[in-house]
Amino acid sequence: MLNIVLFGPPGAGKGTQSDKLIAQYKLVHLSTGDILRSEIANGTTLGLEAKKLMDQGILVPDEVVIGMIESKVDANKDSKGFIFDGFPRTTAQAEALDLLLKKKNSSISMMLSLEVPKDELIKRLLNRGKDSGRADDQNESVIEKRINEYNSKTAPLKTYYTSQDKFFGVNGVGSVDEIFDSLCKVIEQ
Ligand code: B4P
């Protein structure tokens with residue numbers, strides 16, 4: 001199985017590149033952000049709780065997202081592999097993912113990290129906020145909060161995957177196609 005963790009700060013292009021990677025490698029796309037937004041759209045209890053945190057740029061509790069990922073992995077037993085987009089975001093989530101895949105005799109193949117400077121992230125997210133309707137994209141202080149959450153809770157995962165020799169950084173600035181080519185080169189090396 002090809003199991004890729006697509007990593008990077010908010011606005012780095014994870015969702016954008018995931019769409020191209022799943023088409024190229026026939027993988028199943030698991031985006032915790034998308035799953036949470038669909039819970040919100042459906043007005044579930046989980047969605048209502050998650051919305052309060054997401055609107056403030058705060059991470060949703062580990063046990064909530066771990067449970068969501070587990071059920072999606074179970075529902076796609078015959079897939080060729082997964083793109084984990086926006087997950088894991090904490091060390092506890094990374095450890096839970098390793099355990100979950102181990103139970104299925106599988107493991108993470110690599111972490112691909114999109115490297116983008118902060119001013120470019122803010123520009124992209126405010127721009128998306130103009131027509132996405134996403135509350136967390138419309139307010140610069142919420143965007144700053146998300147970037148701070150990333151730096152304190154998520155960025156340490158680079159060390160986690162480097163220690164397993166699975167970390168690969170890729171320049172996330174440039175055209176969508178240029179960045180996609182760089183990701184494919186790493187996957188196929
Ligand atoms: P996510 O949905 O994961 O949102 P994101 O990190 O903001 O988006 P992404 O990085 O995928 O955006 P993209 O670059 O594609 O998370 C939202 C919230 O959900 C979190 O704050 C948290 O509260 C919660 N959450 C989700 N997962 C969680 C977890 N595991 N644990 C706890 N909480 C969790 O797109 C950004 C913009 O850039 C787009 O407009 C795109 O068109 C543009 N863009 C992309 N590539 C570009 C390029 N090369 N050049 C110019 N623009 C580009």
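## Ligand shell

The ligand is surrounded by 29 residues, the closest of which are G13, K14, T32, I58 and R146; a residue is near a molecule if one of its heavy atoms lies within 4 Å of it. This is a predicted model, in which local features need pLDDT of at least 70 and side-chain atom pairs count only at pLDDT 80 or more, while totals for chains, interfaces and linings use all residues. Residues are numbered from 1 along each chain as its sequence is written, and side-chain values use heavy atoms, with hydrogens and water left out.

By class, the shell around the ligand holds twelve nonpolar, nine polar and eight charged residues. In this scheme Ala, Val, Leu, Ile, Met, Phe, Trp, Tyr, Cys and Pro count as nonpolar, Asp, Glu, Lys and Arg as charged, and the others, Gly among them, as polar.

## Polar atoms around the ligand

A polar contact is a pair of N or O atoms within 3.5 Å; within protein, one must be able to donate a hydrogen and the other to accept it, and residues adjacent in sequence count only if both atoms are side-chain atoms. On the ligand, an oxygen atom lies 3.1 Å from a backbone N or O atom of G11. A nitrogen atom of the ligand is 3.0 Å from a backbone N or O atom of V60. An N or O atom in the side chain of Q93 also lies 3.0 Å from a nitrogen atom of the ligand.

On its own, the ligand has 990 Å² of accessible area, and the protein covers 87% of this. Accessible areas come from the Shrake-Rupley method with a 1.4 Å probe; for residues, only the protein chains shown count as cover.

## Pocket and contributing elements

The ligand takes up the space of the largest pocket. On a 1 Å grid over the protein atoms alone, a pocket is an open set of points with protein on both sides within 12 Å along at least five of seven lines, whereas a cavity is a set of points where a 1.4 Å probe fits but cannot get out; lining residues have an atom within 4 Å of a point. A molecule sits in a pocket or cavity if more than half of its atoms lie within 2 Å of its grid points.

Two or more residues of the shell come from each of α1 (14-25), α2 (32-41), α6 (118-132) and α9 (176-188). Helix α2 gives the most, with four residues. Helices (H or I, at least four residues) and strands (E, at least two) are DSSP runs, numbered from the N terminus.

I58, one of the closest residues to the ligand, belongs to the loop between α3 (45-54) and α4 (62-74). Its relative accessible area of 26% makes I58 partly exposed, where buried means under 20%, exposed over 50% and partly exposed in between (1.4 Å probe, protein chains only). I58 and E149 are 91 residues apart in sequence, yet their C-alpha atoms are 6.8 Å apart in space.

## Backbone geometry in the loops

F87 and P88 are joined by a cis peptide bond, with omega about 0°. P88 is placed in the loop between β3 (81-85) and α5 (91-103). G86 is found in the loop between β3 and α5 and is buried, with 8% relative accessibility. The C-alpha atoms of G86 and K153, 67 residues apart in sequence, are 13 Å apart.

Positive phi values occur at two residues other than glycine, N105 at about 55° and D165 near 60°. N105 lies in the loop between α5 and β4 (110-115) and is exposed, with a relative accessible area of 76%. D165 is located between α8 (157-162) and β5 (167-171), in a loop, and is exposed at 68% relative accessibility.

## Further loop and helix residues

S79 sits in the loop between α4 and β3 and is buried at 17% relative accessibility. A polar atom of the S79 side chain lies 3.3 Å from the backbone nitrogen of G81.

In helix α1, I22 is partly exposed at 23% relative accessibility. I22 and I83 are separated by 61 residues in sequence and by 7.3 Å between C-alpha atoms. S106, in the loop between α5 and β4, is buried, with a relative accessibility of 15%. The C-alpha atoms of S106 and E178 are 30 Å apart, at a sequence separation of 72 residues.
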